[in-house]
Amino acid sequence: MIQGNSWFVIDASGQVLGRLAARIARVLIGKYKANYTPYLNSGDHVVVINADKIRLTGNKLEQKVYRTHSGYPGGLKEVPAKRLRVNRADWMVREAVLGMLPKNKLRASRAKKLRVYLDDKGLLRHAGQKPQQLPV
């Protein structure tokens, strides 16, 4: 068992978005650790690479819609996943993971431990932390 805050790297190429997000959320929360405590932030850092090669199952690529609202009347924006995946696949992964984190006071500090990159060049930024491959 690895103690302390470790750094893990996950290659998202060819993986299903929801299943990947569930694995990442579990590591960020720290549920796999023997010393897991619900009210403490004992999770690890996660670096996700190749987010642009993520996979969506079924008809989600055509039917899934991401909605944001500015707060003003008529401020609803809807963007289909097909259009968003081209340039903002890292945002799609981040939104999926944040949706699986508990909605409490620890959420923001857990979200800071997630880094998502479109390609594998983002891993070079974290070479000093020596991230290891996340075990399956």
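**Close-up views of a predicted model**

View 1. Strand E3 (residues 65–69) and strand E4 (residues 76–80) run antiparallel and are joined by five bridges, where two strands are said to pair if DSSP finds at least two bridges between them. Helices (H or I, at least four residues) and strands (E, at least two) are DSSP runs, numbered from the N terminus. His69 has Leu76 in E4 as its bridge partner, and the hairpin formed by E3 and E4 has six residues between the strands, with Gly71 in the turn showing a positive phi of about 100 degrees.

This is a predicted model, in which local features need pLDDT of at least 70 and side-chain atom pairs count only at pLDDT 80 or more, while totals for chains, interfaces and linings use all residues. Residues are numbered from 1 along each chain as its sequence is written, and side-chain values use heavy atoms, with hydrogens and water left out.

**View 2. The salt bridge between Arg67 and Glu78.** A salt bridge is a side-chain nitrogen of Lys or Arg within 4 Å of a carboxyl oxygen of Asp or Glu, and a search of the whole structure finds three of them. In the one formed by Arg67 and Glu78, the closest N and O atoms are 2.9 Å apart; this pair links Arg67 in strand E3 with Glu78 in strand E4, eleven residues apart. Arg67 counts as exposed at 56% relative accessibility, whereas Glu78, at 46%, counts as partly exposed (buried means under 20% relative accessible area, exposed over 50%, partly exposed in between, with a 1.4 Å probe and protein chains only).

**View 3. The surroundings of Asp44.** Asp44 is placed in the loop between helix H1 (17–29) and E2, and at 0% relative accessibility this residue counts as buried. Lys33 forms a salt bridge with Asp44, their closest N and O atoms lying 3.1 Å apart. Both residues lie in the loop between H1 and E2, so the pair ties together parts that are eleven residues apart in sequence. Lys33 also counts as buried, at 8% relative accessibility. A polar atom of the Asp44 side chain lies 3.0 Å from the backbone nitrogen of Ser6.

**View 4. Two loop residues with positive phi.** Asn50, although not a glycine, has a positive phi of about 60 degrees, and its place is in the loop between strand E2 (45–49) and helix H2 (60–63). Asn50 is buried, with a relative accessible area of 9%. Lys130, also a residue other than glycine, has a positive phi near 50 degrees and is found in the loop between strand E5 (114–116) and strand E6 (132–133); at 69% relative accessibility, Lys130 counts as exposed.

Technical notes:
A polar contact is a pair of N or O atoms within 3.5 Å; within protein, one must be able to donate a hydrogen and the other to accept it, and residues adjacent in sequence count only if both atoms are side-chain atoms.
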